[in-house]
Amino acid sequence: MNATGFLRVLAVDDEPPALDELAYHLRADPRVARLHTAGDATEALRVLRDGDVDVVFLDIRMPGLDGMELARVLRRFARPPAIVFVTAYDDGAVDAFDLGATDYVRKPVRAERLAESLRRVIGSRVVPSHPAALARAEEDPTIPIELAGTTRMLPRSAVRWVEAQGDYARLHTADGSHLVRVSLATLAERWADAGFVRIHRSYLVQLRLIAELRLVNSGYVVVIDSAELPVSRRHTRELKDKLVRAAKQDWNR
């Protein structure tokens with residue numbers, strides 16, 4: 001980013017009408033100092049080879065190297081640009097934010113939605129990247145959630161427990177819940193290192209937030225925020241072991 005705070009932007013989309021519309025809105029924003037466009041990942045890499053950009057607005061479904069694969073390449077740059085995915089689909093949102101995307105915009109794009117993305121990019125990049133800050137971002141990634149047609153970023157640390165609902169998962173926080181298109185099995189695998197444990201085929205919980213493990217007539221339940229969640233028989237022993245280990249670690253600190 002240059003000293004005035006204006007942005008050097010690259011827009012990538014294999015569909016010319018979509019790329020033209022995206023470029024039109026970006027050029028109209030006064031925070032954009034320079035705009036490059038590319039019709040595929042190969043052309044995008046040529047642009048990036050010739051000069052730095054601050055943010056890449058990137059389609060996901062493209063022939064050859066797709067948007068997700070290109071984003072993985074960009075993460076390995078010495079000075080990686082911010083990534084904003086622009087797509088007609090919502091099934092890549094979780095993968096996108098696992099890659100550290102700054103935003104996820106649904107097509108058809110709107111000028112005010114792109115303006116919000118640019119605001120987020122500026123907010124995330126005004127302060128130079130510091131290893132400690134990057135580590136904190138990786139430790140607490142954000143999850144995109146839809147609220148009244150707007151995508152908001154929910155920190156993973158705000159999630160208390162997760163409930164399976166078909167192909168979706170409902171993320172429960174202290175002040176509400178949010179439905180996202182990702183399976184509970186996928187979250188269980190990705191969030192295991194963050195302290196989330198499977199207690200039932202339909203529930204994933206943050207271990208440190210369990211207030212009680214209680215035996216009731218039908219079996220065990222855990223209590224989180226006054227909610228009682230069932231523990232299946234197959235997960236009971238493992239859960240008890242994890243609770244004991246966690247208690248010992250806390251005691252020995």
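Biologist: What makes strand 8 and strand 12 a pair in this model?

Modeller: Keep in mind that the model is predicted. Two strands pair if there are at least two bridges between them. Strand 8 (residues 161-165) and strand 12 are joined by 3 bridges, so they pass that cut-off. They run antiparallel, and valine 162 stands opposite leucine 204 in strand 12.

Biologist: And how do you know that strand 11 pairs with strand 12?

Modeller: Same test: at least two bridges are needed, and 4 bridges join strand 11 (residues 196-200) to strand 12, again antiparallel. Valine 197 has valine 205 as its bridge partner there. A hairpin of 2 residues links strand 11 to strand 12.

Biologist: Why do you say both faces of strand 12 are covered?

Modeller: In a regular strand, side chains alternate between the two faces of the sheet. On one side of strand 12 (residues 203-206) sit Tyr203 and Val205, on the other Leu204 and Gln206, and all of them are buried.

Biologist: Let's move to Asp59. Why is aspartate 59 called buried?

Modeller: Buried means under 20% relative accessible area. Aspartate 59 comes in at 5%, so it counts as buried.

Biologist: Where does aspartate 59 sit, and what does it touch?

Modeller: Aspartate 59 lies in the loop between strand 3 (55-58) and helix 3 (67-75). Leaving out residues up to four places away in sequence, its contacts include Asp13, Asp14, Thr87 and Lys107. An unreviewed UniProt entry places "modified residue: 4-aspartylphosphate" at Asp59.

Notes. Residues are numbered from 1 along each chain as its sequence is written. This is a predicted model: local features need pLDDT of at least 70, side-chain atom pairs count only at pLDDT 80 or more; totals for chains, interfaces and linings use all residues. Side-chain values use heavy atoms; hydrogens and water are left out. UniProt positions are given in the numbering used here, feature names are shortened, and annotations may be inferred rather than shown by experiment. Buried means under 20% relative accessible area, exposed over 50%, partly exposed in between (1.4 Å probe, protein chains only). Contact means heavy atoms within 4.5 Å.
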